[in-house]
There are 2 protein chains.
Amino acid sequence: MLLKTLTQHFTNPLYLESGRILEPYDIVYETYGTLKDNKSNVVVVCHALTGSHHAAGKYEDDIKAGWWDGLIGPGKAIDTNRFFVICTNVIGSCFGTTGPISNAYPSQEPYRYSFPVISIKDMVRAQRILFDKLGIHHVQAVIGGSMGGMQALEFAVSYPDFAKKIIPIATTHATSAWAIAFNKIAREAIVKDPDFKNGYYDIKSIRQKGLTGMAIGRMAGHISFLSHDSMDKKFGREYKKDDSLFELFGKFQVESYLEYNGYNFSKWFDPLSYLYITKAINIYDLSRGFDSLKNALQNIIAEVYLISFKNDMLFPSSEMREIYDTLNQIGTTKSRFKEIDSNYGHDAFLVEIDKFEDDIRIMLDE
Amino acid sequence: MLLKTLTQHFTNPLYLESGRILEPYDIVYETYGTLKDNKSNVVVVCHALTGSHHAAGKYEDDIKAGWWDGLIGPGKAIDTNRFFVICTNVIGSCFGTTGPISNAYPSQEPYRYSFPVISIKDMVRAQRILFDKLGIHHVQAVIGGSMGGMQALEFAVSYPDFAKKIIPIATTHATSAWAIAFNKIAREAIVKDPDFKNGYYDIKSIRQKGLTGMAIGRMAGHISFLSHDSMDKKFGREYKKDDSLFELFGKFQVESYLEYNGYNFSKWFDPLSYLYITKAINIYDLSRGFDSLKNALQNIIAEVYLISFKNDMLFPSSEMREIYDTLNQIGTTKSRFKEIDSNYGHDAFLVEIDKFEDDIRIMLDE
């Protein structure tokens, strides 16, 4: 599969929802497949909190493929033989697009806390500017899970003409107190970690050893991605073979899992970006600036295909059903809602692709 | 109400499930009401993870009454005009009963990590020894919520003749991976807090300022006690009035709640005790030492009244129903199971007493 990572530099100001300005800024993106001459075959994929523009394929020396590789590729549900797929790293992230750890201009010092708070709307606005620059003014679809789904919805509300279809997966129209609470643990653990040094941490050391506060925060994240049932099935009460039950720090398998994944994550994800992106997620509310959710959704022209997962504790089906019901009330655009049976909780959008890939294929074909 | 706090000192060794021994040890307990001469009117109340022997009533200068004051008192569901109620602080805790922060004998230095791992069975064994000492060999009922419910079940399995009835509330027969995962966040946050100093923290400073790691851990606890719905109802997306939405550390109400309660808690609960008691909860499995849950429950002679709450994410109704179904299969003891409709999640056993106090009254009357 033809896989390209590109960077676009912008010198014009990016006007943010907060009233602040970001300038200059870079956007890093990846593309898969071939753009038709008339640019009519574009599908935009949006990533989640800790994702990146690397959604599919492998570079030389890569052990793991991109985060939605099961879905994107030749002959796959998002078929790169037909579609030209673009995934951009969002503003505020840490994989090349401008974020709090990027150097500010002209100081050439990292922004750190001087980076402006960004919103999902800002992430989408920046992508829209990139696509304009690439001469892409209309796309077949915008697809994303979790925070990616928030972006898909925001695309349809803010830029009604842009996408023919949107496919928001495992997401919501406004972040709930439950999700904000899980983010709070991570945010508090990061900020209170003495090695974080108010953002003046040693980046090299973090890449090697990780940041404990970030690891603890990620553990909270992992819980929120799973469910009571999925944890039961995955770990049960299994105890580490070589540990004694009566050792104070003897470990259950679920503890090892959280520890391993938490500390591993903290080596490759930037804690300042985590603060900024969770802030964007927390303040996400599709209705902001409108009288109501209905009022916001009335902007939408795109066909809306919603996919949720049973037992998603973070963004429960009921919240996506509310979007669907409201769209039906409005009645001006085609919409569909599918709840997928899964025990994986929120994680299903990444790990149970076989359960919804056919739906995506059909939705893109229609 | 007659309210007494007493301490009993034991010089005989307490033989623990781990094979280790605790000696000497103190048990602190509180009693309410008057013991009949024939000692036939005793009700034992067992506390949860962060509870204490102070279950009801107020001492001079107390602002808040004991943790189950709504349930225990003259004319209340656990009527102290009829019953003599005892609540003991469990082994491993930090309110007077011997725990990891108590001085070891003969060094007179705090145990810290040299304190042995204790189990729910050990907590119950220690209480049983206390009651024997008080000449109480048979009680009307053992009642408790959460970890208190685990103790009630353990009493019935380990000492079949002891209680006429047990009333386990919002609990389980074996701690799930989900609950262990939440405890993991707290345990990790405590241990990795540099001020914890591997248990050599400055106790005075903690009583004044709290321990950040403990506060973060308690935030995780608070999430596990609530549910998606209860958080929605309690906090929604309400934002602190004086904070700006686009301030990085501007706060949602749910964040303020977690922060306030987390840091406040960390001033009065000992982090070493938190490590030891969560360990006891994690390794709790009523079936340990038996072939199966059924095999364990076959020991029970007491009447078993189970109360669970809808939306309890920590110890879901399904786990209590399993106990009930298994008891019914065995068919030798009287049992009843009631699921209470509540939006409060696990917290309901403390905050929605009005929803089950009548049930307790009836269960004690029968």
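How many of the 12 residues of α8(B) are buried? In this predicted model, 12 of the 12 are buried, so helix α8(B) is largely enclosed by the rest of the structure.

**Helix α8 of chain B**

- Helix α8 of chain B covers residues 271-282, and its 12 residues should span 16 Å at 1.5 Å a residue; the end C-alpha atoms are 16 Å apart, which agrees.
- The buried residues of this helix include P271(B), Y274(B), Y276(B), K279(B) and N282(B).

- Two copies of a chain are related by a rotation about an axis and a shift along it.

- Strands of a sheet pair through backbone hydrogen bonds, either parallel or antiparallel.
- In chain A, 8 strands form an open sheet with mixed pairing, in the order β1-β4-β8-β5-β9-β10-β11-β12.
- Its edge strands are β1 (3-10) and β12 (335-340) of chain A, each of which pairs on one side only.
- On average, neighbouring strands of this sheet are turned by 20° against each other, direction ignored.
- Strand β9(A) pairs with strand β10 (residues 163-169) of chain A in the parallel sense, over 6 bridges.
- Within this pair, A141(A) stands opposite K165(A) in β10(A).
- Helix α12 (residues 357-365) of chain A packs on the sheet and touches β9, β10, β11 (303-309) and β12 of chain A; the direction of the helix makes about 165° with that of β10(A).

**Residue Q140 of chain A**

- Q140(A) lies in strand β9 (residues 139-145) of chain A.
- Because a residue needs 20 or more C-beta neighbours within 10 Å to be buried, Q140(A), with 19 inside 10 Å, counts as partly exposed.
- In sequence, Q140(A) and S40(A) are 100 residues apart, whereas their C-alpha atoms are 7.3 Å apart in space.
- Leaving aside neighbours within four places in sequence, the contacts of Q140(A) include N41(A), V43(A), F83(A), K164(A), K165(A) and L364(A).

Key: Residues numbered from 1 in each chain as written. Chains lettered and ligands numbered in written order. Predicted model: local features only at pLDDT ≥ 70, side-chain atom pairs only at ≥ 80, totals over all residues. Helix = DSSP H or I, 4+ residues; strand = E, 2+ residues; numbered from the N terminus. Expected span 1.5 Å × (residues − 1). Contact = placed C-beta atoms within 7 Å. Pairing = 2+ DSSP bridges. Axes fitted to C-alpha atoms, helices over the stretch in contact; angles between N-to-C directions.
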